[in-house]
Amino acid sequence: MRDVRETVASALRRVKWLRDPLVVQALRSAAAASIAYVIAVRLSPDKSAAPLTAPLTALLVVQVTLYATLKMSFRRVNAVVAGVLVAIVFSAVVGLSWWSLALVIVAALGVGHLVRAHEFVAEVAISAMLVLGVTSHGTLAWARVVETLIGAIVGLVFNLIFAPPVWVEQAGESIEGLARRVRQLMLRMGEEAARNTPFHEAAARLHEARRLDHDIAEVDEDLRQAEDSLRLNPRVREGLLHRVVLRTGLDTLEICTVVLRVLARTFTDLAKEREPEPLFPPATGAAIEQLLSEIADAVVSFAVLVTTSASDDAESAEERLSAQLRQAAVTRDKLAQLLLEEVRRHPLHWQLQGAVLTEVNRIIDEMDTEHRSRRLLEELDHHTREQRERMPRLTGLRDRVRSRRRERNRTAAARRSP
């Protein structure tokens, strides 16, 4: 039995390793580059040298997502063609010398920015120098363009046949991981609010809250990869909705971490002002501990909600989140009454005590389900307007196709009805 468990665990680790974006990218790039080299050996007009431009282009073009592959293909071909044209013009006018080489580099870099080659601006100058540096520049120029096209086409076809993975699950795991780290910090802050906390311990929680910014940056990178994997992917339906749900969910968690950092600063200031006394009286501290525990659970439930794809699971997650937020609101009202009584007795630190209530209010309101629904609708409307303004003809054609499809469905339903 133990051997079976070890075998299963080893297999799971191997599968997880093979799903790693770095591993997937390495295998896909190596395969595409090899295929591009084999094709270029047969088709390249320059038989005097190995056609390494083709596998190099395929290596650069094959990205983790189809959207990134299309973007890199266009930029790479654009840069090479621009560099070849610059070299042909200069070779016909001035030839090759030290000063003409300098002029070619300056001109090629300028043309690269002009044609928006982006990260391939240097490729424009490289192509121009390679073509300018040989006597039979016409053959080399044509060969370089052909090899680049071969590499770009192989990369595109490779991604169409072997569609890249959709990285939504990895982005969801990153978002849930961030929510659980926020939860752990909230629980520790709640425990410290209920006891005598030295200033240095409160300051340590503040530093932890500030370090969450680095975690958000890493999650944002995973989310951008997931968003790219949803664009132009034939395996994905309602890709825009998935992107908006995940992006707005991360935005909400980011706002919560900012407010949590402010709350940690408030606790630190209170610890500094009240030391060696506890941050709050026992009843108030217990209420804060309970409230932060309830909000911490709600943060994790919110992350589960925005990363759940199945409608039934999403509905149950939303109900759980709503119940947790309602309970947190009850505890918040209890805390508000305790803080009001404390301020009346000891008004010295009323600004900081009032700030505690304000900050927990903001976190609760930010995760409210009605607020989330309004945000989703606003973002979807914003993306739809942007798409209509950017591609009005394509959007109009798509709307007409959908209208005709709905009309056919209504007609078919009317014929089936008695």
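Which residues does Ala202 touch, not counting residues up to four places away in sequence? The views below start there.

**View 1. Ala202 in helix α9 of a predicted model.** Ala202 touches Glu192, Thr197, Phe267, Thr268 and Ala271, with residues up to four places away in sequence not counted. Contact means heavy atoms within 4.5 Å. Ala202 counts as buried, at 2% relative accessibility. Buried means under 20% relative accessible area, exposed means over 50%, and partly exposed lies in between (1.4 Å probe, protein chains only). Glu192 is 10 residues from Ala202 in sequence, and their C-alpha atoms are 7.8 Å apart. Helices here are DSSP runs of H or I with at least four residues, strands are runs of E with at least two, and both are numbered from the N terminus.

*Conventions.* The model is predicted: local features need pLDDT of at least 70, side-chain atom pairs count only at pLDDT 80 or more, and totals for chains, interfaces and linings use all residues. Residues are numbered from 1 along each chain as its sequence is written, and side-chain values use heavy atoms, with hydrogens and water left out.

**View 2. The whole chain.** The secondary structure comes to 15 helices and 0 strands. The chain has 418 residues, and buried residues make up 43% of them. Take the contacts between residues at least 6 apart in sequence: 77% of them join residues at least 24 apart.

**View 3. The largest nonpolar core.** A nonpolar core is a set of buried Ala, Val, Leu, Ile, Met, Phe, Trp, Tyr and Cys residues joined through side-chain atoms within 4.5 Å. The largest one has 59 residues. Within it, Phe267, Phe280, Ile295 and Met367 touch the most other members. At least two residues of this core come from each of α8 (168-193), α9 (199-230), α10 (239-274), α11, α12 (311-345) and α13. Helix α10 gives the largest share, 13 residues.

**View 4. Around Phe267.** Phe267 touches Met189, Ala193, Ala202, Leu279, Phe280, Ile288, Leu292 and Val356. Residues up to four places away in sequence are not counted. A second, separate core has 14 residues, including Ala82, Phe90, Val104 and Val121.

**View 5. Helix α11 against helix α13.** Two packed helices are described by the angle between their axes and the distance between the axes. Axes are lines fitted to C-alpha atoms, for helices over the stretch in contact, and angles run from 0 to 180 degrees between N-to-C directions. Helix α11 (residues 282-306) and helix α13 (residues 350-366) pack at about 20°, with axes 11 Å apart. They are therefore roughly parallel. Angles under 35 degrees count as roughly parallel, over 145 as roughly antiparallel, 65 to 115 as roughly perpendicular and the rest as oblique. Ile288, Leu291, Leu292 and Ile295 of α11 make the contact with Val356, Val360, Ile363 and Ile364 of α13. By class, this contact has 8 nonpolar, no polar and no charged residues. Nonpolar covers Ala, Val, Leu, Ile, Met, Phe, Trp, Tyr, Cys and Pro; charged covers Asp, Glu, Lys and Arg; the others, Gly among them, are polar.

**View 6. Helix α8 against helix α11.** The two axes come within 8 Å and cross at roughly 175°. Helices α8 and α11 are therefore roughly antiparallel to each other. The residues of their contact divide into 16 nonpolar, 3 polar and 6 charged.

**View 7. Glu366 in helix α13.** Glu366 is buried, with a relative accessible area of 14%. Glu366 touches Thr252, Ile255, Cys256 and His371, not counting residues up to four places away in sequence.

View 8. Met129 sits in helix α6 (residues 121-132). At 31% relative accessibility, Met129 is partly exposed. Met129 touches Leu101 and Ile105, not counting residues up to four places away in sequence. Val84 is 45 residues from Met129 along the chain, and their C-alpha atoms are separated by 8.7 Å. Val111 is found in helix α5 (residues 98-114). Val111 is partly exposed too, at 24% relative accessibility. Its contacts are Ala82 and Val86, again leaving out residues up to four places away in sequence.
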